[in-house]
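Dear colleague,

Please find below the structure that I am handing over to you. My findings follow it.

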Amino acid sequence: MIVATYTEYDKERSEPYSGEHHTKTLRTIILAWSTHTRRLFPELRKACLNHPDTAFLNDKEQSCEHRNNYGIGQGSGLTDVDYLYHGWCVEKHVFWNESNKAKYVPLGEMGMLTSIT
């Protein structure tokens with residue numbers, strides 16, 4: 001499943017003097033379903049076209065690819081150019097538990113859902 005989230009800095013919960021910085025997710029959009037487990041950036045870009053608020057991420061000039069798949073990394077994702085933990089982020093969620101996938105689907109808006117291969 002390919003999901004877009006929009007986050008912003010949470011001033012109320014953050015304490016910058018002690019080094020605690022928090023974010024809050026304002027929007028979650030389910031963009032598309034995928035038929036494989038590979039994490040491909042062209043697939044993420046194509047899924048961005050399924051919602052008008054994320055369509056700009058299809059343009060390579062306005063988006064940035066993040067590859068953080070090492071030990072404690074945050075995974076691969078597609079973000080807007082100025083993204084630094086705040087803004088739009090598109091990621092692929094893979095369900096490893098085949099028996100109950102429905103409980104892992106995040107709550108949010110539905111884009112024009114398509115199946116991307």
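Predicted model: local features only at pLDDT ≥ 70, side-chain atom pairs only at ≥ 80, totals over all residues.

**Findings**

Residues are numbered from 1 along each chain as its sequence is written, and side-chain values use heavy atoms, with hydrogens and water left out.

Of the 117 residues in the chain, 34% are buried (under 20% relative accessible area, 1.4 Å probe, protein chains only). Helix H1 (residues 41–48) is largely enclosed by the rest of the structure, because six of its eight residues are buried. These are Phe41, Glu43, Leu44, Arg45, Ala47 and Cys48.

Among contacts (heavy atoms within 4.5 Å) between residues at least 6 apart in sequence, 56% join residues at least 24 apart.

The structure also holds one cavity of 30 Å³ or more; a cavity is a set of points, on a 1 Å grid over the protein atoms alone, where a 1.4 Å probe fits but cannot get out. The largest cavity has a volume of about 30 Å³, the volume being the space filled by probe spheres set on the points. Its lining residues (an atom within 4 Å of a point) are Arg39, Leu40, Phe41, Leu44, Ser76 and Lys92. Phe41 and Leu44 are also among the buried residues of H1.

Yours sincerely

Terms used
Buried < 20%, exposed > 50% of the residue type's maximum accessible area, 1.4 Å probe, protein only. Helix = DSSP H or I, 4+ residues; strand = E, 2+ residues; numbered from the N terminus. 1 Å grid on protein atoms, 1.4 Å probe; cavity = no way out; pocket = protein on both sides within 12 Å on 5 of 7 lines; lining within 4 Å.
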